[in-house]
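Biologist: Before we turn to particular side chains, could you take me through how aromatic contacts and charged surface patches are read from a model?

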Amino acid sequence: MAAQLQNVWHLRKVAEPSAKPCDICFKPTTSVLITPDQKDHFYICPGHLKDKGFCSPIVDEAEVAAKKKREELDGEIELIKKEYEEKLKKRKKSKDSKQKEKDKKKTEDDKSGENKTDNVDDDEAEKEKNDKVRRTLASATPQD
């Protein structure tokens with residue numbers, strides 16, 4: 001007795017030059033339905049594939065659940081990335097504001113400290129002068 005044909009078909013695509021007419025409406029198509037053992041096939045256009053009365057896909061529940069879980073994880077990852085970027089922006093912003101405050105203080109200190117730096121320069125110059133004087137005095141005095 002002949003083996004019965006299973007009613008399970010896989011959708012395959014062929015190259016554009018290999019397109020043949022749909023077996024139902026005779027429009028050129030690159031979609032082919034083929035049996036798993038590849039003994040039988042027929043060309044079918046995408047419009048007939050969408051027809052619910054013609055065929056329906058075999059839905060693998062485990063695959064659908066895995067895809068849904070993967071999408072949820074991707075969504076969570078995106079949220080975490082956004083939160084992390086926001087934290088980095090806040091840190092950078094606070095760092096910049098602290099740096100601005102430091103620069104502000106520094107400029108204020110520089111403005112008020114110009115006199116201080118002048119005084120410091122004067123003090124250093126005076127110390128150097130005093131050191132030279134001492135050295136000259138020490139070298140000028142006779143050592144017995």
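Modeller: This is a predicted model, and the structure holds two aromatic pairs. Planes over 60 degrees apart count as edge-to-face. The ring centres of W9 and F42 lie 5.1 Å apart with their planes at 75 degrees, so this pair is edge-to-face.

Biologist: Which parts does the pair of W9 and F42 tie together?

Modeller: W9 lies in the segment before β1 (10–13) and F42 in strand β5 (residues 41–43), so the contact ties together parts that are 33 residues apart in sequence. W9 itself is partly exposed, with a relative accessible area of 24%.

Biologist: How are the rings of F42 and F54 arranged?

Modeller: Their centres are 6.4 Å apart and their planes stand at 85 degrees, so F42 and F54 are also an edge-to-face pair. Since F54 lies in the loop between α1 (46–50) and α2, while F42 is in strand β5, this pair ties together parts twelve residues apart in sequence. F54 counts as partly exposed at 32% relative accessibility, and W9, F42 and F54 form one aromatic cluster.

Biologist: Which residues gather in the patch of positive charge on the surface?

Modeller: That patch consists of K87, K90, R91 and K95. K95 lies in helix α2 (residues 61–140) and, at 62% relative accessibility, counts as exposed, the cut-off being over 50%.

Technical notes:
Residues numbered from 1 in each chain as written. Predicted model: local features only at pLDDT ≥ 70, side-chain atom pairs only at ≥ 80, totals over all residues. Heavy atoms only, no water. Patch = residues over 30% accessible without salt bridge, like charges linked within 9 Å, V, L, I, M, F, W, Y side chains within 5 Å. Areas by Shrake-Rupley, 256 points an atom, 1.4 Å probe, with all protein chains shown as cover. Salt bridge = Lys/Arg side-chain N within 4 Å of Asp/Glu carboxyl O. Lys, Arg positive; Asp, Glu negative; His and termini not counted. Charge placed at Lys NZ, Arg CZ, Asp CG, Glu CD. Helix = DSSP H or I, 4+ residues; strand = E, 2+ residues; numbered from the N terminus. Buried < 20%, exposed > 50% of the residue type's maximum accessible area, 1.4 Å probe, protein only. Phe/Tyr/Trp six-rings, centres within 6.5 Å; stacked < 30°, edge-to-face > 60°.
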